[in-house]
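Me: I want to learn how to read the side-chain packing in a model like this. Please take me through the features one at a time.

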Amino acid sequence: LVYCSKLKSMNKTVVKVIVGIVAVTLLVVSYFYYTLFLNPASPKETVAYAKENIILEVVYRRPYKKDRLIFGSKDDGALVPYGTYWRLGANAASTFETSTDIAFAGRMLPAGKYRLYAIPQADHWTIVLNKEFSAFGYSEPDYSKDVMRVNVASAKLLTPVEQFSIDLLEGNESLTLRMRWDTTAVSIPLN
């Protein structure tokens, strides 16, 4: 009888521990779900363009400057140090999708969906399109899956841009993919 009483007491303790573990796990998962998907610090943005037989779409996350040094040397504490991989946003990898073959910075790019990333330098950026579009952005891509690398001159802005922005600008007979953050801008011609 004493043994049964101890067994019931142990079972109650085990149940309490399991319920506690489940509750803590649910809280942690809920927190990450909320901060990554429902209310992220770097909101998800989709930029689209459609005209005649071409559809373009860029999906990326928009981090804020928040008084930080964005581009510069690693020694100066830059968020995006020169010469290193940057996912062009925050969290997930940025993607670029085209419904038809296009000229991307003067080079032919087949229709498809690509991971879009950059390697910023002081006076230019290397913009890269990679086949590994579904990967998470924190990790560097598999460089053997790079489809195209182009060097594009960067420009200095007079007024800082607080939140990282990508847009598609339509000219008379041209289209430009433009990226801006802090005091840096990069524009890529598309045809």
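Me: Which residues form one aromatic cluster?

Reply: Start with the ground rules. This is a predicted model, where local features need pLDDT of at least 70, side-chain atom pairs count only at pLDDT 80 or more, and totals for chains, interfaces and linings use all residues. Residues are numbered from 1 along each chain as its sequence is written, and side-chain values use heavy atoms, with hydrogens and water left out. Now the rings. Rings of Phe, Tyr and Trp (its six-membered ring) pair if their centres lie within 6.5 Å; planes under 30 degrees apart are stacked, over 60 edge-to-face, the rest tilted. Here one cluster is formed by Tyr 60, Phe 71, Trp 86, Trp 125, Phe 164 and Trp 181.

Me: How many aromatic pairs does the structure hold?

Reply: It holds 11. Take Phe 71 and Trp 181: they are edge-to-face, 6.3 Å centre to centre, with 90° between the planes. Phe 71 lies in strand β3 (residues 71-72) and Trp 181 in strand β11, so this pair ties together parts 110 residues apart in sequence. Strands (E, at least two residues) and helices (H or I, at least four) are DSSP runs, numbered from the N terminus.

Me: Is Trp 181 buried or exposed?

Reply: Buried means under 20% relative accessible area, exposed over 50%, partly exposed in between (1.4 Å probe, protein chains only). Trp 181 has 1% relative accessibility, so it counts as buried. Trp 181 also pairs with Trp 86, and that pair is stacked: 5.8 Å centre to centre, 15° between the planes. Trp 86 sits in the loop between β4 (80-81) and β5 (94-98), 95 residues from Trp 181. Trp 86 is buried too, because its relative accessibility is 6%.

Me: Which residues touch the most other members of the largest nonpolar core?

Reply: In soluble globular proteins, nonpolar side chains tend to be buried together. A nonpolar core is a set of buried Ala, Val, Leu, Ile, Met, Phe, Trp, Tyr and Cys residues joined through side-chain atoms within 4.5 Å. The largest one here has 34 residues, and Phe 96, Phe 104, Ile 127, Leu 177 and Leu 190 touch the most other members. Strands that each supply at least two residues include β1 (44-51), β8 (112-120) and β10 (146-170). β11 gives the most, with seven residues.

Me: Where is Val 14 placed?

Reply: Val 14 is in helix α1 (residues 2-38). With a relative accessible area of 46%, Val 14 is partly exposed.
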